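Me: I am new to this structure and would like to learn how its features are read. May we begin with the way helices cross?

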Amino acid sequence: MTRDEVRAFDKWAIEQLGLPGVVLMENAGRGCVEVIVHRLGEVADKTVATLCGTGNNGGDGYVIARHLANRGAAVRLAIAGDPARIRGDARTHLDVWRRMGGAVVPLDLGGDTVRRMKQLVDGADLLVDAVFGTGLSGPVRDDYRRLIEAVNDSGVDVLAVDIPSGLDCDTGLPLGAAVRASCTVTFVAVKQGFANPESAPYTGVVHVASIGVEPWAMPPA
């Protein structure tokens, strides 16, 4: 799928099928948790750092954090950006996380990003990258570029949600900088950019997770 095809599919699922976006986000996050459990095994004795953005990719991250906490994992959740910007389905899932007692680790992008990242991932068994999704199309801002570089320098195993943050969905090339993940759990279908061999060092092993409806069910445009 291209970036535009992803948007069209989500729009069809929500508007034509009547599947609320909050449900699609729930399904996406649970699909990621299935892969995490497969990779880590029993997660009750594991620590998972979840790095979320302020858009829908971050919303998937809040779902992942909740389900991992439900399974007994120690979850550290940080938001890269201003939490006041979080809206819609992502806000719903963030609010649920907070109401169940989940904490949010402060991450000031204008401050010492490297030190903050070291604190977030210290002793973690996995880092979940849920900062940017397939909608990113322009160059990564300098503050986010520094964050991505800190992720890549952390030495922690990274699982990317839908697409590694900073990677272009259509070309498979970094938009100035991109997370280098050990594996990527992408939704609905493999993204067009993943066909570019140059994307492999960023995506790692690619898994496709369902969001509750499959692309073959969508009528041709």
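Reply: A crossing is right-handed if the near helix is turned clockwise from the far one by less than a right angle, and left-handed if anticlockwise. The model considered here is a predicted one. In it, α5 passes α6 in a right-handed crossing.

Me: At what angle do helix α5 and helix α6 pack, and how far apart are their axes?

Reply: Helix α5 (residues 113-121) and helix α6 (residues 142-152) pack at about 40°, and their axes are 9 Å apart. This angle makes α5 oblique to α6. On the α5 side the contact is made by T113, V114 and M117, and on the α6 side by R146, L147, A150 and V151. Sorted by class, the contact of α5 with α6 holds 5 nonpolar, 1 polar and 1 charged residues.

Me: How do the axes of helix α3 and α4 cross?

Reply: An angle under 35 degrees counts as roughly parallel. The axes of helix α3 (residues 56-70) and α4 cross at roughly 30° and come within 8 Å, and α3 and α4 are therefore roughly parallel to each other. The crossing in which α3 passes α4 is left-handed. From α3, the residues in contact are N56, G59, Y62, V63, A65, R66 and A69; from α4, they are A90, H93, L94, V96 and W97. By class, this contact of α3 with α4 comprises 8 nonpolar, 3 polar and 1 charged residues.

Me: How do the axes of helix α2 and helix α4 cross?

Reply: The axes of helix α2 (residues 21-40) and helix α4 (residues 88-99) come within 9 Å, with a crossing angle of roughly 60°. That makes α2 oblique to α4. The crossing of α2 and α4 is right-handed. G21, V22, M25 and E26 of α2 meet D89, A90, T92 and H93 of α4. In terms of class, the contact of α2 with α4 has 3 nonpolar, 3 polar and 2 charged residues.

Me: How many aromatic pairs does the count come to?

Reply: A pair of aromatic rings is described by the distance of the centres and the angle of the planes. The count here comes to 2 aromatic pairs. One of them is formed by F9 and W12, which are 5.6 Å apart centre to centre, with 45° between the planes, and the pair is tilted. F9 and W12 are 3 residues apart in helix α1 (residues 3-15), so about one helical turn separates them.

Me: Are F9 and W12 buried or exposed?

Reply: A residue under 20% relative accessible area counts as buried. F9 has a relative accessible area of 1% and is buried; W12, at 11% relative accessibility, also counts as buried. A8 lies in helix α1 as well, but at 34% relative accessibility A8 counts as partly exposed. From A8 to I211 the separation is 203 residues in sequence and 14 Å in space, C-alpha to C-alpha.

Me: What is the phi of D162, and what is that of V188?

Reply: Most residues other than glycine have a negative phi. The phi of D162 is near 75°, a positive value in a residue other than glycine. V188, not a glycine either, has a positive phi of about 75°.

Me: Where do D162 and V188 lie?

Reply: D162 is placed in the loop between β4 (158-161) and β5 (183-187), whereas V188 lies in the loop between β5 and α7 (200-203). D162 counts as buried at 9% relative accessibility, and V188 counts as buried at 9%.

Note on methods
Residues numbered from 1 in each chain as written. Predicted model: local features only at pLDDT ≥ 70, side-chain atom pairs only at ≥ 80, totals over all residues. Heavy atoms only, no water. Axes fitted to C-alpha atoms, helices over the stretch in contact; angles between N-to-C directions. Helix = DSSP H or I, 4+ residues; strand = E, 2+ residues; numbered from the N terminus. Parallel < 35°, antiparallel > 145°, perpendicular 65-115°, else oblique. Contact = heavy atoms within 4.5 Å. Nonpolar A, V, L, I, M, F, W, Y, C, P; charged D, E, K, R; others polar. Phe/Tyr/Trp six-rings, centres within 6.5 Å; stacked < 30°, edge-to-face > 60°. Buried < 20%, exposed > 50% of the residue type's maximum accessible area, 1.4 Å probe, protein only.
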